[in-house]
Amino acid sequence: MEKVKVRLTVNGNSFCLEVGAKERLLDTLREQLRLTGVKEGCSIGECGACTVILNGEAVNSCLVLTGQLDQSEVVTVEGLAQDGRLEPLQQAFIDHHAVQCGFCTPGMLMSAKALLMKDPHPGREQIKTALEGNLCRCTGYQQIIEAIESLTGPERE
Amino acid sequence: MSYCQVNKSLTRVDAYAKVTGQAKFGADLTFPDMLYGKVLRSKYPHARIKGINPEKALEYPGVEAVLTAKDIPNNLFGVIIHNQQVLAERETYYIGDGIAVVAARTREAAEQARELIEVEYEELPGIYRLEEARDEPVKPVHPEMADNQVAHHTLRKGDVKLGFAEAEIILEREYSTQLIEHAYLEPEAVIAVPAQHSTLLTIYGSVQNPYATRRAVAGVLQVPLAQIKVIQDHLGGSFGGKDENVSAMAARAALLALKTGKAVKMVNDRVESMLESYKRHPYQMKYKVGASKEGKILAMEIKAEADSGAYACQTPFVTWRSVVQATGPYEIPHVKTDTYGFYTNNVYTGAMRGYGSPQVIFAQESLLDELARELKIDPVELRLQNIYHNNSITASGQRLDNHQVSLKEVLERALTASEYKAKYREYSQRQPGEKKRGIGLAISYRGCSLGAEAIDAAAANIAILNDGSITLSCGLAENGQGLKTIFSQIAAEILGVDPERINYLPVDTSAVPDSGATVASRSTMVGGNAVKNAAEKLKKTFADFVAREYETTGAELVFRDEQIYNGPGKAVTSFSEAAAAAFYQGVLLNATGWYLSPDISWDEETGSGNPYFTYVYGCQIAEVEVDIGTGEISVLRITAAHDVGRAINPAGVRGQIYGGVMMGLGYGLMEEVETEDGYISNTNFDDYLIPTIKDLPEIIPIIVENPDPNGPFGAKSIGEPTLELAGAAIANAVCQATGKRIRSLPLNLERVLIGSSLRKGGRSK
Ligand code: FES
Ligand code: FES
């Protein structure tokens, strides 16, 4: 099968990768780079478990072909903590019991992170909209919202 | 009593690994030379297999093995009735039946090769409706059986004829519930590794019940249990759903691993998972109730029939829990209940959070509201007149005298927090406009743990190492519910240490005695007691040693704050120092704890007994707004009060409540696996809808604590009670809002608007 060369920055490291024309970003991350924090739950863009931040936007990595991403920048859950220091969102998820089985957690964190990068003080409705594409079967979402709101301050009117 | 570690919302011991992406789930593991396995599944729900030709698949580059039923030493397995096929041999019984498995060097090769396996089928007529399965089918689903009945349980109390004769009002109603999917976010994944750890096969992956999987794999391969090791660490949700289907997957991977001598990984994609995995039983129920004019319930007669699908799986036990609990928590002198399960060629049904309770609760709580309406009594008053109290005799004849029966308390706490009375009054007035509001409630009692289904025991190992650090493991599995944290808290409380000292190890079936299944909301109670037992044994040995070594006299030593005290304020030594000293003196600081739950009984003949050793009580109240123009139902608020005995971790309990309520909301309003003649039409999250964050109403969790003498620190159950009530409460609220009683779930738009579902086929009316 034909291979495509792409340069990618993933979690701050640059890679030059050879990928198949149909290779999904999800597979590149999980299989080539062994970033298994990126999860696969549905493969069709409905569950959000595979969410990563691509050039500043939260995307479902199961729907993106790596071959089209030359010169792009990707952040996965593994890239959130810096030098062993958790990112505040991660700490908030721990403190607010926003994690149960943890399978949705990486995707949730990435969607939330993308939101906070754009707007550090979103209201509850904006949080819900940003996380609408991330399914969680365990937590009922409540403690996830509480975790995020602990960082965003009181809701704006 | 004040605690240092329990009854506190400590953060989860596995949270760090999960927020950093370090937690490895089944699909994340790799092994050297690992192959990828894929299953070819049936093309038809019911067909005869006339021939299988794997030749082309075997020739596909990268393929190392193709196996079919004839390669399997023992093709049948099952927890209760051994009739589930690892791979279909002569016939396929449902659409998810596997026919062949392929192992190849890449996933793509396995998928491609699977398509090249040639199967010659003869499509056969199937049985897809419960009535058909029940009423003398031409040919039973399993040809070797006389009929399609999987199970029939009875419960008898008093004499219903007498009861109905005394009744001043009699109501007869039919209810039905739908087929639903667990929808755990992580699809099933298993890896079988040969010749590792001096063991024939080691199985890793998303295994909810490691000992059941070990039993199934050993049985299929016909090898000793000691040659199969199952290791389970992080699992992405299960809710009862990763048991028999994962055992089948493990057995298939094991067969391929033995055949090729290499590790074999099998991961389902979502569609495969939806097609093959078992679901929640749909029920059809007939309820008849007789009461006095004042609202005293005198008699209840119940018939509940469950579609078991192609295999028996857990149907005998699921329908048994239903027979015990079908009346709900009401003192009724005369009861006659019959529950049944029948084979069909539909996808099979098994354990799912609730386990035979959400169905009967929907019926019984709808019925209570219907009765209240007929009698013109307030639904709360009707319940208060009839609910269980201390020393009540249940429908099965059990006297509730060994724990606090807190139904009235949970009900009242929920009523107050939800402002039920004022809202009920308000919404009973005429509501102008299209949008109508309503409020409704549901209550339940639930037997804790397995009940008289099976031996109910669990084990835990704790070791204190010579630097004072601790390892802890238990035979019950962390499925996301938080058991690692709860058990760490219990051990830390007793040993007087910080939970940080404890390294919680994965389940390893070769290292911890068989602890049964992680089901029935039994972990905190049964597993927690095992952990407590291990910690207490250790503490005793340790205290004896410290008393000798440090020549303390008199008072019992106190383990607290990482120190060992001889009376208030007098630290004898630190935990770590004493651990080192004990090691160098040859003291064994290693203990296996064991807990066997109290005696229970069930007499199938008389349909009575003491089926559970204790119960939990819950009440949920739903407030809804229905747009009678569009049929859209918005849930505004759910108040959920649950007696958990003692909350070992209150934030964890709230997490269970939020998650359970949302799952109950999905059950009540949106979820249904749609089938037509055995084919499943919604096989992914684009058309099998589960609640999203946008569906989240305000949820008010209320934790009620009446410590149970049989629970560790008084703790009981919470996982399942949280999910079983919301569907019924929402249905009652919708009825108050619209005046329309909907007797089948889910309460979708069409049912609200025109009273019946427009969906074709399916098994709901
Ligand atoms: S796996 Fe990508 S959205 Fe579900
Ligand atoms: S924590 Fe399990 S799916 Fe979200």
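The model is predicted, so local features are kept only at pLDDT of at least 70 and side-chain atom pairs only at pLDDT 80 or more, while totals for chains, interfaces and linings use all residues. Residues count from 1 along each chain as its sequence is written, chains are lettered from A and ligands numbered from 1 in the order in which they are written, and side-chain values use heavy atoms, with hydrogens and water left out.

**Pocket**

- The largest pocket comes out at about 1,200 Å³. A pocket here is an open set of points on a 1 Å grid over the protein atoms alone, with protein on both sides within 12 Å along at least five of seven lines, and lining residues have an atom within 4 Å of a point. Grid points are joined across faces, edges and corners, and a volume is the space filled by probe spheres set on the points.
- Its lining runs to 39 residues, with Arg24(A), Asp27(A), Glu31(A), Arg107(B) and Glu108(B) nearest the centre.
- Two or more residues each come from helix H1 (25-32) of chain A and from strand E1 (35-41), H3 and strand E14 (264-267) of chain B. Helices (H or I, at least four residues) and strands (E, at least two) are DSSP runs, numbered from the N terminus.
- H3(B) is the top contributor to the largest pocket, with six residues.
- By class, the lining of the largest pocket splits into 10 nonpolar, eight polar and 21 charged residues. For these classes, Ala, Val, Leu, Ile, Met, Phe, Trp, Tyr, Cys and Pro are nonpolar, Asp, Glu, Lys and Arg are charged, and the others, Gly among them, are polar.

**Cavities**

- Rolling a probe the size of a water molecule over the atoms shows where empty space is left.
- The whole structure holds seven cavities of 30 Å³ or more; a cavity is a set of grid points where a 1.4 Å probe fits but cannot get out.
- The largest cavity holds about 610 Å³ of space. Of its 37 lining residues, Gln481(B), Ser521(B), Gln656(B), Gly719(B) and Glu720(B) are the closest to the centre.
- H14, helix H15 (523-549) and helix H17 (650-669) of chain B each give two or more residues to the largest cavity, and H17(B) gives the most, with three.
- The lining of the largest cavity has 15 nonpolar, 17 polar and five charged residues.
- The second largest cavity has about 110 Å³. It is lined by 14 residues, and His97(A), Arg12(B), Gln481(B), Gly482(B) and Gly652(B) are the closest to its centre.
- H17(B) also gives the most to the second largest cavity, with four residues, and that lining has three nonpolar, 10 polar and one charged.

**Salt bridges**

- There are 55 salt bridges over all chains, each being a side-chain nitrogen of Lys or Arg within 4 Å of a carboxyl oxygen of Asp or Glu.
- Glu64(B) pairs with Arg105(B) at 2.7 Å, N to O. Glu64(B) sits in strand E3 (residues 63-68) and Arg105(B) in the loop between strand E7 (98-104) and helix H3 (107-116) of chain B, so the bridge ties together parts 41 residues apart in sequence.
- Arg107(B) and Glu108(B) meet at 3.8 Å, N to O. Both are partly exposed, Arg107(B) at 24% relative accessibility and Glu108(B) at 40%. The cut-offs are under 20% relative accessible area for buried, over 50% for exposed and partly exposed in between (1.4 Å probe, protein chains only).
- Glu562(B) and Arg501(B) bridge with their closest N and O atoms 2.8 Å apart. Glu562(B) is partly exposed at 22%, whereas Arg501(B) is buried at 17%.
- Shared partners join Lys38(B), Arg41(B), Arg114(B), Glu115(B), Arg252(B), Glu272(B) and Glu276(B) into one network.

**Other spots**

- Pro120(A) lies in the loop between helix H3 (105-118) and helix H4 (124-130) of chain A and is partly exposed at 46%.
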